[in-house]
Amino acid sequence: MIRKKGQTFHLETPHTSLVLKADTAEVLYYGKKLSNAAGCELWSGSPRKLFSQYGGADYTEASILLENADGGFSTAFAFSKSKLLAGKPEIAGLPSSYGESKTLELKYVDAPTKAALYLYYTVFDDTDVIAVSAKLVNGQKREMHIRRLASLQLDLMGAYSVVTFEGTWARERQKQVRTVGKSVFYIDSKKGISSHEHNPFMMVEGEDGVYAFNLVYTGNHKEIVEGCESGRTRVLTGINDFMFRWALAPGEEFCTPEAVMCYAPDEDGASSEMHAFVAEHIVRGKWKKRERPVLVNNWEGTYFDFNEEKILAIARAAKETGVELFVLDDGWFGNRCDDRRGLGDWYDNVEKTGGGLKSLADKIRALGLDFGIWVEPEMINEDSDLFRAHPGFAMRVPGREPTRMRNQLCLNLADEKVQNYVVRVISDVIARSGASYVKWDYNRSLTDCYGKGIAQGEYFHRYILGYYRIVSRITKKFPNVLFEGCAGGGGRFDLGNFCFFQQYWTSDDTDARMRLKIQDGTLHGYPQTVMGAHVSACPNHQTGDSNPLETRFNIACGGVLGYELDMTKFSPEEMETVTRQIAFYKENRKLLQFGDSYRLGDAFGGNVAGFMTVSKDKSAAIAVVTVSEYVIAGEYLSVRCKGLLPNAVYEVSTRPQDNYKDVLSFTAAGDLLMNGGMPVADIFEDTQAWQNSRRLYTRMYLFKKCK
Ligand code: DGJ
C-alpha cells in the first residue's frame with residue numbers, strides 16, 4: 001500500500017514503513033511499521049537523500065556519476081514529478097521480481113543536460129521486501145556517458161556494522177562482520193560474475209535493527225557503506241563502476257538492475273523476510289513450489305572416467321536406494337576426456353555414452369529414474385571443433401595471449417550471433433536427451449573482455465545482457481525442466497540467476513564441516529529451497545576429512561538433497577543406510593524443502609550450530625544440531641530452537657542414526673525450547689567419533705506439536 005499526502009509518500013509493507021519526500025528527494029523514515037506518517041516531516045532537512053550526485057556539497061560516495069557531453073561531471077537533478085503505478089514496470093533486458101504490487105515512480109531532471117533520472121520503489125502486499133531501481137534517460141541532442149548509476153541508495157542515521165558473505169572457490173559466503181564508523185566500506189566483483197568472493201547480499205545492523213540488501217544481478221556489482229560526520233550512514237548497491245562507461249545516445253535510456261531491501265528488528269527476521277521473498281517473488285515456473293527430486297550426480301563418482309556400463313551401474317544402485325533422478329555430469333560430449341578439450345562440442349561422445357545421449361537417457365529412464373544433463377554453454381576449449389570452426393566466438397583481445405582458466409576461454413556472449421548459436425545447440429541437447437533437469441555450469445571468470453565494435457566500458461554489462469537473453473530463451477522453451485545453476489560451485493549464487501534457475505549448486509566443497517558454514521552463510525539471505533546439497537564420498541575429495549554417512553546426510557538435509565558418489569561402492573550396510581535416509585527425506589521433503597528455515601547456534605564462532613525447518617502451521621519441525629569440537633571437560637552444550645509456537649507443547653525425538661544407538665525422546669514447551677534451549681550434551685555418545693578431531697557431530701531432532 002502506498003499513501004500520498006502532498007509529495008510525501010508512505011510505503012507500507014506488512015511490518016515496515018518507508019516514508020519519502022519526493023520534492024526534496026529525502027528519506028524521512030524507514031523501519032518498523034508506523035501507525036501513520038504524521039510527524040515524519042519533522043525529519044525534512046536531515047542529510048538523508050534518495051540519490052546523490054557530484055557537483056554539490058555532498059562528498060559522500062554518490063549514487064550517480066555522469067560524464068556530460070561537454071566533458072563535465074556535475075549534475076543537479078531536481079524534482080520534476082511523482083506518479084503511482086499499478087504493478088511494477090518491466091526492467092528492459094534484466095530479470096526482476098514479480099507479483100501483485102504497487103510502484104512509486106519519481107522523476108528528477110538535470111536542467112542543463114535535460115537528463116532525466118527515474119527512481120522506482122515497489123511494495124508487495126505479502127512481504128516486507130521493497131524493490132528499488134533507477135533509470136536514466138538522455139534528453140539532449142548529444143551523447144553522454146554513465147560512469148556510475150546505483151540501483152539503490154538508502155541513507156540511515158546512526159552507527160552501523162556491515163555483515164557480508166565473502167569467500168572463494170569451495171569456501172563461499174563466509175560471514176564477516178565489520179564496524180563502519182566514519183569510513184567507507186565496500187565489496188565488489190570485477191570478475192564479470194557475482195562471484196565466490198563477494199556475494200551481493202549484505203546486512204547493515206545498528207541499534208535500530210537490521211537492514212538487508214540484495215541485487216537482482218549476475219555481473220560485476222558493488223556495495224558501498226559510508227559513515228560520515230553528520231551521523232549519516234549511506235548504503236549504495238548496483239553495477240560496479242569498475243571499467244564502466246556506458247554511452248547514452250540522445251533519447252536513449254539505461255535501466256539499472258533491481259535492488260531489494262528489507263528492515264527487520266534482528267538478523268533472523270531479515271533472513272526470514274528474504275527467504276519468503278525469494279521463494280515467492282523471484283523463483284518462478286513450474287518448479288517454484290514443487291518438491292525437488294532426490295538426485296545422484298556422477299561427477300565425484302567418476303569425474304571424466306566413465307562409460308555406459310559404469311553410468312548404468314551407478315543408476316541401478318541409485319534406483320535401489322530410492323533416488324529419483326540421475327544427472328550425467330561433465331564428459332559426455334565431443335572429445336571431452338579431460339578438462340583440456342571438447343568444450344563447445346555439444347554432440348554425443350559415443351564411446352562414453354554407448355549409443356549416444358538419447359540411448360543412455362532412455363536406458364536410465366527405463367530403470368525408473370528421470371534423466372538430467374550437465375552443460376557449460378558459455379565456454380569453449382581451443383581444442384574443440386567449435387573453436388576450429390569459429391575462433392571468433394571466443395572472447396579475447398586481438399594481438400594478446402588470452403588468460404586461460406581451467407584451460408578454457410569464454411564465449412563472447414555480447415555478440416548476438418554467439419547468443420543464437422548457444423540457444424540452438426543447448427536447446428538441441430535438452431530436446432534430444434529428453435532431460436527433465438539441466439545443470440548449467442560456468443567454470444571460470446571473465447578476462448580478456450573484448451568484442452569487436454563493443455565499447456570496453458560496456459562489455460561486462462553487455463555480456464550479462466547476452467547471458468540473460470540466452471537463459472531466458474532456453475528456460476522459456478523448456479518450462480517443465482528443473483534448472484540448477486552452478487559456477488565452480490556457488491560463484492554465481494545471486495537473485496539474477498534465481499529468476500531463471502530454481503536451484504543452485506551451493507559449493508564444490510561437500511565436506512560436512514565446511515558445508516555447515518557455507519550453508520549457514522548462504523541461509524542468511526537465501527532460502528534452503530535454492531541450495532543444492534549433496535552427500536559425497538569419504539575421505540572428502542576437497543578436504544580429505546571423513547565424517548559418518550549419517551552426518552553427511554544430516555548436513556545435506558539443509559538444502560535440496562542429492563548424492564554425488566559412485567553408489568556401486570557402497571557396502572550392503574551403507575546401501576541400507578542410504579535407503580533409509582532417502583525414505584525419511586521423501587517423507588519429510590515438503591517440510592525440509594519448503595518449511596521456514598532458521599539458523600541455529602553460531603556456525604562462524606561457536607561450537608554449537610545447525611539449522612531448523614518449521615512447517616508453515618508450526619505443528620512440525622526438524623532441527624539438525626551440530627557440534628564442531630569435542631572438548632574434554634568442556635561446556636554444557638545446548639541450543640535455542642527457533643520458529644516454534646511459544647505456547648504449544650512438542651513431542652521431540654531424534655532420527656535413528658547408525659552412529660547413535662539410542663533414540664532420544666522427550667516432551668517440551670515451545671517457549672522453553674526457544675528461550676531456555678535444548679540440551680545437546682549426549683551428542684558425544686558416538687564415542688569413536690571424538691577420536692577423530694576433524695569430525696563433525698550431528699543429530700537430527702523431529703518436533704511434533706502435541707498440545
Ligand atoms: C564444476 C562443478 O561445480 C562440478 O560440480 C562439476 O560439474 C564440474 N564443474 C564439471 O566440470
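**Close-ups of a predicted model**

**View 1. W332 and F333 are both tucked away as buried residues.** Buried here means under 20% relative accessible area, exposed means over 50%, and partly exposed is in between (1.4 Å probe, protein chains only). You're looking at a predicted model, with residues numbered from 1 along each chain as its sequence is written. Local features need pLDDT of at least 70 and side-chain atom pairs pLDDT 80 or more, while totals for chains, interfaces and linings use all residues; side-chain values use heavy atoms, with hydrogens and water left out. Now for the rings: those of Phe, Tyr and Trp (its six-membered ring) pair if their centres lie within 6.5 Å, and the planes are stacked under 30 degrees apart, edge-to-face over 60 and tilted for the rest. That rule gives a count of 36 aromatic pairs. W332 and F333 make up an edge-to-face pair, with 5.1 Å from centre to centre and 75° between the planes.

**View 2. W440 and F501 form a tilted aromatic pair, 5.9 Å from centre to centre with 40° between the planes.** This pair joins distant parts of the chain, as the two residues are 61 residues apart. W440 belongs to strand β26 (residues 437-440), while F501 is in the loop between α9 (495-498) and β28 (503-505). Helices (H or I, at least four residues) and strands (E, at least two) are DSSP runs, numbered from the N terminus. Are these two residues buried or exposed? W440 counts as buried because its relative accessibility is 1%, and F501 is buried too, with a relative accessible area of 1%. Both belong to one aromatic cluster, whose members include F165, F201, Y467, F493 and Y526.

**View 3. Two lysines each hold a charge over a phenylalanine ring.** To qualify, NZ of Lys or CZ of Arg must be within 6 Å of the ring centre and within 35 degrees of the ring normal. K190 has its charged end over the ring of F242, 5.7 Å from the centre of that ring. K352 does likewise with F306, at 4.6 Å from the ring centre.

**View 4. The ligand has 13 residues around it, and D329, D330, K439, D441 and D508 come nearest.** Which distances separate polar side-chain atoms from the ligand's oxygen atoms? For D329 the distance is 2.7 Å, for K439 it is 2.8 Å, and for D508 it is 2.3 Å. The protein covers 97% of the 290 Å² of accessible area that the ligand has on its own (Shrake-Rupley method, 1.4 Å probe; for residues, only the protein chains shown count as cover).

**View 5. T522 sits in helix α10 (residues 512-523).** T522 counts as buried because its relative accessibility is 0%. Its side chain reaches back to the backbone oxygen of I518, at 2.6 Å. That's a polar contact: a pair of N or O atoms within 3.5 Å where, within protein, one must be able to donate a hydrogen and the other to accept it, and residues adjacent in sequence count only if both atoms are side-chain atoms. Helix geometry is handy here: an α-helix has 3.6 residues a turn, so residues three or four places apart point the same way. Setting aside residues up to four places away in sequence, T522 touches R173, F493, T506 and M531 (contact means heavy atoms within 4.5 Å).

View 6. What does I311 contact, apart from neighbours within four places in sequence? N298, F306, F326, L328, L360 and I364. I311 and Y263 are 48 residues apart in sequence and 49 Å apart in space, C-alpha to C-alpha.

**View 7. Helix α11 (residues 549-556) is largely enclosed by the rest of the structure.** Why say that? Because 8 of its 8 residues are buried, among them E550, R552 and N554.

**View 8. A25 and S195 have positive phi values without being glycines.** Most residues other than glycine have a negative phi, and most peptide bonds are trans. For A25, phi is about 55°, and this residue lies in the loop between β3 (16-21) and β4 (26-32). For S195, phi is near 90°; its spot is the loop between β13 (184-188) and β14 (198-206). A25 is buried at 7% relative accessible area, and S195 is buried at 2%.

Definitions and conventions: Near = heavy atom within 4 Å.
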